[in-house]
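Subject: Structure for you to look at, with notes

Dear colleague,

Here is the structure I promised to hand over, followed by my notes on what was found in it. Please have it open while you read.

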Amino acid sequence: MRGRTASRSAALSYAALAALAVLWGYSWVVVKVATHDASVFAIALGRSALASVALLATLALTGRSLRPPPFGPTFVYGLLQTALLTLLQTAAVSLGGAGKSVVLTYTMPFWLLLLARVFLGERLRRAHLAAFAIAAVGLAVMVWPLASPSALPDLLAIAAGFVWAASAVWAIAVVSRGGYDLLSLAAWQMFWGTVALAAAGPFLPFHVSWTPAFVASMAFLSLGTAALGWALWLFVLARLGPATAGLGTLAVPALGLVFAALQLRETTTLRQRGGVALIFGALVVHAVAARAARGVALRGRHDRGDEGA
């Protein structure tokens with residue numbers, strides 16, 4: 001009976017991970033659809049505002065405290081994670097392709113390796129260096145030559161991955177030390193990021209055509225990918241652990257490419273497909289190396305525990 005319950009729990013966890021990958025993968029197509037009816041700034045502000053409201057409402061409905069974490073660290077986190085990342089991601093998709101943009105943005109783990117080495121003092125393993133080298137070749141293949149029409153959106157997507165990594169380092173180095181509830185932190189950083197976006201409003205182009213497609217897109221991006229997506233991510237993280245959850249998110253850029261090809265009829269050249277393959281290979285090498293490192297660390301703690309006993 002206990003084994004059957006455990007099996008059902010595992011199946012539910014993996015189903016949640018699959019649903020999350022579909023939500024986040026398809027969101028890139030939805031962003032592209034929304035750009036037909038609104039400016040980059042309008043989309044970024046709208047999805048962030050609606051998502052912050054949804055997340056704060058989730059806090060209240062689940063009985064969590066609405067007391068915000070300390071303003072300074074949370075505001076910087078929101079500036080990176082919500083304001084800059086959302087603007088860069090949306091601009092990349094608006095000017096380029098959704099499928100290619102999701103792959104380039106998901107180079108985040110490699111920027112995270114470098115930033116964690118510089119600011120957190122983490123040691124880079126050989127497998128990490130190999131993954132970074134493979135990814136660097138893939139990036140060069142995809143964005144070269146820099147004078148091509150796709151160079152700007154490609155660079156914006158890469159910049160989005162870099163900012164995403166910077167926000168993760170900030171969260172690890174500063175914010176996570178406070179021991180705050182993850183959902184509360186997600187809600188309030190999105191709120192302050194939305195405030196930062198709104199403050200930039202007078203300096204950025206703003207236009208919206210309230211078509212049914214745009215309204216549906218904003219509902220999906222705010223309620224689906226943000227509110228439901230965060231809930232699924234926290235559930236998966238708690239049930240499966242960071243290693244398995246991290247490996248599962250590798251499906252997001254793959255699904256983004258597939259959805260973009262099916263719905264938007266996006267195509268890639270042979271050279272770009274080669275670059276995508278190299279980046280995917282690097283992601284797999286990085287994820288497997290990270291999982292192996294965690295396994296070694298856990299075994300080491302277990303062995304020390306046995307010696308202490």
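I begin with Arg265, whose place is in the loop between H10 and helix H11 (270-308), where helices are DSSP runs of H or I with at least four residues and strands are runs of E with at least two, numbered from the N terminus. Arg265 has a positive phi of about 60° although it is not a glycine. Most residues other than glycine have a negative phi. With a relative accessibility of 62%, Arg265 counts as exposed, a word used here for over 50% relative accessible area, with buried meaning under 20% and partly exposed in between (1.4 Å probe, protein chains only).

Please keep in mind that this is a predicted model, in which local features need pLDDT of at least 70 and side-chain atom pairs count only at pLDDT 80 or more, while totals for chains, interfaces and linings use all residues. Residues are numbered from 1 along each chain as its sequence is written, and side-chain values use heavy atoms, with hydrogens and water left out.

As for the overall build, the protein has eleven helices and zero strands, and 47% of its 309 residues count as buried. Among contacts (heavy atoms within 4.5 Å) between residues at least 6 apart in sequence, 91% join residues at least 24 apart.

The axes of H4 (residues 98-105) and H10 (residues 251-263) come within 8 Å and cross at roughly 170°, the axes being lines fitted to C-alpha atoms over the stretch in contact, with angles from 0 to 180 degrees between N-to-C directions. That makes H4 roughly antiparallel to H10, a label for angles over 145 degrees. On the H4 side, Ala98, Gly99, Lys100, Val102 and Val103 meet Val252, Pro253, Gly256, Leu257 and Ala260 of H10. The residues of this contact divide into seven nonpolar, two polar and one charged, where Ala, Val, Leu, Ile, Met, Phe, Trp, Tyr, Cys and Pro count as nonpolar, Asp, Glu, Lys and Arg as charged, and the others, Gly among them, as polar.

Turning to the aromatic residues, a search of the whole structure finds eleven aromatic pairs, for which ring centres of Phe, Tyr and Trp (its six-membered ring) must lie within 6.5 Å, with planes under 30 degrees apart called stacked, over 60 edge-to-face and the rest tilted. One of them is the tilted pair of Trp24 and Trp233, at 6.1 Å centre to centre and 35° between the planes. This pair links distant parts of the chain, since Trp24 lies in H1 (residues 2-34) and Trp233 in H9 (residues 212-248), 209 residues apart, and both residues are buried. Tyr26 and Phe259 have ring centres 5.5 Å apart and planes at 90°, so their pair is edge-to-face. Because Tyr26 lies in H1 and Phe259 in H10, this pair ties together parts that are 233 residues apart in sequence; Tyr26, at 25% relative accessibility, counts as partly exposed.

Finally, Pro109 lies in H5 (residues 108-119) and, at 16% relative accessibility, counts as buried. Not counting residues up to four places away in sequence, Pro109 touches Leu283 and His286, and its C-alpha atom is separated by 9.0 Å from that of Ala287, 178 residues apart along the chain.

Note on methods
Parallel < 35°, antiparallel > 145°, perpendicular 65-115°, else oblique.
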